[in-house]
Amino acid sequence: MPPEPKDLTIIGGGPTGLFGAFYAGLRGVSCRIVDSLPELGGQLTALYPEKYIYDVGGFPRILARDLARNLEAQGLQFGTDVRLEEEVRELARAGDGWDVVTDRDRYRTRAVLIAAGKGAFAPRALECPGYERLLGKGLAHHVKDPAVYEGKRVLVVGGGDSAVDWVLNLRGRTRRLILIHRREGFRAHAHSMKQLREAVESGEIELLTHRELRSLQGEECLTGATAYDNRSGEEQTFELDAVLALLGFKPDLGPIARWGIELEKNTIRVNARLETNLPNVFAAGDVISYEGKIELIATGFSEAAMAVNHAVQALNPKARYSPGHSTNLKLFKDREEAEALFG
């Protein structure tokens with residue numbers, strides 16, 4: 001029996017996709033989320049669940065995994081159908097709507113919202129002997145659980161936000177903590193760099209700049225690494241239990257690039273209504289580009305709301321574009337009255 005058709009199918013279960021599902025429910029349209037990852041939350045859960053997020057409205061700071069959990073509760077409250085660990089391979093025209101074709105099934109939908117973040121993200125590899133052999137055996141590209149590094153000797157490689165944030169989060173947990181970066185300048189936020197300098201001065205973190213990895217040691221598990229000074233060639237070997245290669249990710253739109261959607265570099269071009277060049281196919285979040293675009297979770301929320309409301313109007317031209325303020329919606333007033341009566 002084929003899956004039930006939906007009004008809207010959202011490709012991507014990260015913050016933007018989850019907020020889009022919430023707005024779909026708010027507007028009374030049926031919705032399905034399809035995501036290739038094993039759990040919802042996108043990069044919040046897949047890459048940095050233990051990192052604090054500071055720039056989401058209403059939360060001075062919140063752990064990424066907690067934000068993902070809140071977004072899931074909000075986004076799925078209207079009965080959104082969720083399909084995880086399914087890669088969308090094709091977007092095929094089906095009458096007035098679309099078939100979203102995955103590696104497992106085929107989903108009929110009237111409209112589509114692409115909220116795929118940066119698309120498939122492949123970590124930037126370390127170019128040194130031992131990389132392939134020790135990946136997953138002490139060498140990792142992200143931190144899933146900081147407790148894994150308790151009492152261990154850890155080397156972090158990188159100079160961006162991820163590397164600096166994680167070395168700060170791991171201080172006080174490890175037996176030894178070293179950060180190496182290939183140059184003097186960093187790409188991390190100024191406040192994080194201030195914290196890093198203070199941690200280096202207090203001896204919590206060892207910082208070595210102009211250093212790159214020459215090789216990784218170990219057979220069944222990682223036991224050490226050799227770094228070299230890229231100015232002098234001088235080498236230094238460290239006995240280690242873990243290496244975190246936090247060099248960023250290479251964005252890749254993957255199959256999306258073959259769907260006939262107008263692209264701009266590695267992003268989807270949209271208009272002011274968040275429409276792509278394909279009928280009733282909208283996009284929001286980091287996957288899109290337009291003049292003045294800023295890549296923030298908060299921006300994705302706004303774009304998701306706009307895209308869903310425009311999609312609703314596209315499916316039903318008589319529908320209002322704006323749903324009004326949530327505090328005035330009958331949907332929530334009825335729920336509040338029911339909760340007051342029945343607890």
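**Strands, pairings and one serine**

User: What makes strand β1 largely enclosed by the rest of the structure?

Analyst: This is a predicted model. Strand β1 covers residues 6–11, and six of the six are buried, so the strand is largely enclosed by the rest of the structure.

User: How do you know that β1 pairs with β8?

Analyst: Pairing needs at least two bridges. Five bridges join β1 to β8 (residues 106–114), and these strands run parallel. Ile 10 stands opposite Leu 113 in β8.

User: What makes β1 and β2 a pair?

Analyst: The cut-off is at least two bridges. Four bridges join β1 to β2, residues 31–34, in the parallel sense. Here Ile 11 stands opposite Val 34.

User: Which elements make a β-α-β unit with β1, and what is its hand?

Analyst: Helix α1 (residues 15–26) and β2 complete the unit, which is right-handed. Right-handed is the word because, with the strands pointing away from the viewer, the path from the first strand over the helix to the second runs clockwise.

User: Why is strand β15 called largely enclosed?

Analyst: Buried means under 20% relative accessible area. Six of the six residues in β15 (residues 224–229) are buried, so the rest of the structure largely encloses this strand.

User: Which residues cover the two faces of β15?

Analyst: Gly 224, Thr 226 and Tyr 228 lie on one side. Ala 225, Ala 227 and Asp 229 lie on the other, and all of these are buried.

User: How do you know that β14 and β15 pair?

Analyst: The test asks for at least two bridges. Strand β14, residues 211–217, has six with β15, in the antiparallel sense. Arg 211 stands opposite Asp 229. Six residues separate the strands in this hairpin, where Gly 218 takes a positive phi near 130°.

User: What joins β15 to β16?

Analyst: Five bridges do, and the two strands run antiparallel; β16 covers residues 235–239. Gly 224 stands opposite Glu 239. This hairpin has five residues between its strands, and Gly 233 in the turn has a positive phi of about 85°.

User: Why does Ser 289 count as buried?

Analyst: The limit is under 20%. Ser 289 has 12% relative accessibility, so it counts as buried. Ser 289 lies in strand β22 (residues 288–289).

User: What makes the link between Ser 289 and Thr 267 a polar contact?

Analyst: A polar contact needs N or O atoms within 3.5 Å, one able to donate a hydrogen and the other to accept it. The side chains of Ser 289 and Thr 267 are joined at 2.9 Å. Beyond its neighbours within four places in sequence, Ser 289 has contacts including Glu 264, Ile 268 and Val 270.

Methods
Residues are numbered from 1 along each chain as its sequence is written. This is a predicted model: local features need pLDDT of at least 70, side-chain atom pairs count only at pLDDT 80 or more; totals for chains, interfaces and linings use all residues. Side-chain values use heavy atoms; hydrogens and water are left out. Buried means under 20% relative accessible area, exposed over 50%, partly exposed in between (1.4 Å probe, protein chains only). Contact means heavy atoms within 4.5 Å.
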